[in-house]
Amino acid sequence: MKLSYRLRLLIVLISLGVLTGGGLLLKHLLLPDSFGVYGPYRANAIAEAALVPIRHGTNASCFKCHAYEAGIHKTGRHQTISCEFCHGTYMDHVENGRKIGTLPVKREKQITTLCLRCHNTEIKARSELVIKTVAMPNHLADQNVKLTHNCNQCHHVHAPLKYIIRAKQMTRWTEAGR
Amino acid sequence: MDAVNGTATMLISNYVFPNDLHVHWSMMIVLYPYITGLVDGAFIIAALYYLFDIKSLKPLARFSLLFALAFLCCATLPLLLHLGRPERNLNMLLTPSPSSAMAGFGYIYAVSMGVLVFIVLFVYRPDLVVLRDTSKGLLKLLYRAITFDSRDLSTYSLALDRKIIRFLVGIGIPIAAVLHGYVGFIFGGVKAIPTWSTPLMPVIFLFSACLSGISAIILAYIVIRKITGRSIDSDCIKTCIKTLTLFFILAFAFEMLEVFSHSYLKSGYHHMVEGLLNGPLASSFWLWQVKICSVIPLVILGVMAFFRMGRAMYHFWAAVVSAILLLQVLIMRWNVVIGGQLMSKSARGYTEFHPQWFDKEGILAVIIVMAIPFMILFVLSRIFPFWTPDNETTVT
């Protein structure tokens, strides 16, 4: 082919233009349909997200069948804590008002690990105003017990100060400001 | 949870939010501004010759274009390595929006890549036309493609080429400046990290980019010429060192002014930043970045500027000072990127960063990522000869 240099450059320029146009077209084709209806995201994503089955109930959903635990939990210091944090989700346990699966129940050492996930002084960013923390093993040493004790040997898991308040009442041992 | 019970607790001081414990933007994100910076600085050298007619830079002009190209090819590599799902970066480019700073980078990157490639093609066209006739096979085909299959070297078309080069370099400068200024802007736009979120970020990044790029060019030129036994153009090195001195003074002044104005104003997070610079960063910022890698080069550059010295001596110190300044910029990127993340959003606690060897973003990965541009440069040198024949004299 005998083309002048200028013509060749023009062809290069035009192909660049075509390439850009093709890119824009491809971009248009690849975009999902509902993109940009409300903002820079797929509008259908909202409807899809709404269809995702709900895994968690609330504490109220547990109270219906677990009247005994409810009675303790509602009166204790842990009343604001979600049952499901410690036990697992409603969805794995109940379907259509009937029990369909067992939830894990922590025992012994596992209980200590569980409690320390929230109550460990090592987690610096926890304000004492919101949640009281303890340092281990000092906390056990302070109570003069073996360091192998688990938290639930003194604290009721569902109402952590239940026994302790009772013990204080029995011994008439009170502290100012408590 | 081993962060709570395990060894990690030993490294943190004061209140560190659990999600601040880990430095998420690690060494790959240090390399990202470093590599784009090298591109930028190398491009400045080429621009000084092609647009501003600084004739003494002629021996380096073509080389710095190729250098910029080799590094530009790898500019996004660290980012992609940092991502868990690198292929999804294309989604971001498909759906750009003003709230996505990174998508903007993708587009600016693509444009600068295109412009640079065409500058190289037009600058090299006369050589490529000659090489086309002396080469065989696939290489010949490649040469035909990148010369647009034209042998036309008439004065008219060469003049046209020169115009095109001037135009491309002309738009190339703002694009290069935006490319790297944008990297600074991306960091400056992170409100959550006090040491980043300053409008000065793009400026500081830009000057240190020019600094690192020019140093890299000087060092690479001297080393490659020495190894291949060719002569070194003294005028050229002198001009480079002068330009380097200018950019270094600007970069260093801004780096320090930022710290001083914050500490004078005692602005917002100052108590926290002060603790950072004097605590976890004490050695990497004050000792390495400021004292060793800035004050020492400042003295060396001063001596080089004010005292006469022999050619060999001058070249030696030029190489040394460039190497130190390359390190300075790397450390500066480190102190900004990793240092900035060492303070918790609690505005009280500091954490620590421990580089790993074999991590996806570890030290080995850093070495590999930094080696790739040099391999690309080597491949490019097989296609585009670095040096023009008129400075091909070998040292005897």
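Colleague: How many salt bridges are there between chain B and chain A?

Modeller: The count in this predicted model is zero. A salt bridge requires a side-chain nitrogen of Lys or Arg within 4 Å of a carboxyl oxygen of Asp or Glu, and between chain B and chain A the number of such bridges is zero. Polar contact, by contrast, links five residue pairs, both residues being at pLDDT 80 or more.

Colleague: Which elements of chain B give two or more residues to the side that touches chain A?

Modeller: They are α1 (2-5), α5 (89-94), α6 (101-134) and α8 (155-188) of chain B. The largest share, five residues, comes from α8(B). By residue class, that side of chain B divides into 16 nonpolar, seven polar and four charged.

Colleague: What is the area buried between chain B and chain A, and what part do carbon and sulfur atoms give?

Modeller: The buried area is about 1,900 Å², and carbon and sulfur atoms give 73% of that area. The contact takes 27 residues from chain B and 17 residues from chain A.

Colleague: Why does the radius of gyration of chain B agree with that of a compact globule?

Modeller: For 396 residues, a compact globule would have a radius of gyration near 21 Å; chain B has 23 Å, and therefore agrees. The C-alpha trace of chain B spans about 70 × 55 × 35 Å along its principal axes.

Colleague: What makes I111(A) count as buried?

Modeller: The criterion is under 20% relative accessible area. I111(A) is buried, as are T112(A), L114(A) and L116(A), in helix α6 (residues 109-119) of chain A. The cover over the buried residues of α6(A) includes α5 (83-87) of chain A.

How values were computed: Residues are numbered from 1 along each chain as its sequence is written. Chains are lettered from A and ligands numbered from 1 in the order in which they are written. Side-chain values use heavy atoms; hydrogens and water are left out. Contact means heavy atoms within 4.5 Å. Buried area is the accessible area (1.4 Å probe) that two parts lose on being put together, summed over both. A polar contact is a pair of N or O atoms within 3.5 Å; within protein, one must be able to donate a hydrogen and the other to accept it, and residues adjacent in sequence count only if both atoms are side-chain atoms. Helices (H or I, at least four residues) and strands (E, at least two) are DSSP runs, numbered from the N terminus. Ala, Val, Leu, Ile, Met, Phe, Trp, Tyr, Cys and Pro count as nonpolar, Asp, Glu, Lys and Arg as charged, and the others, Gly among them, as polar. Buried means under 20% relative accessible area, exposed over 50%, partly exposed in between (1.4 Å probe, protein chains only). The radius of gyration is taken over C-alpha atoms; the globule rule is 2.2 Å times the number of residues to the power 0.38.
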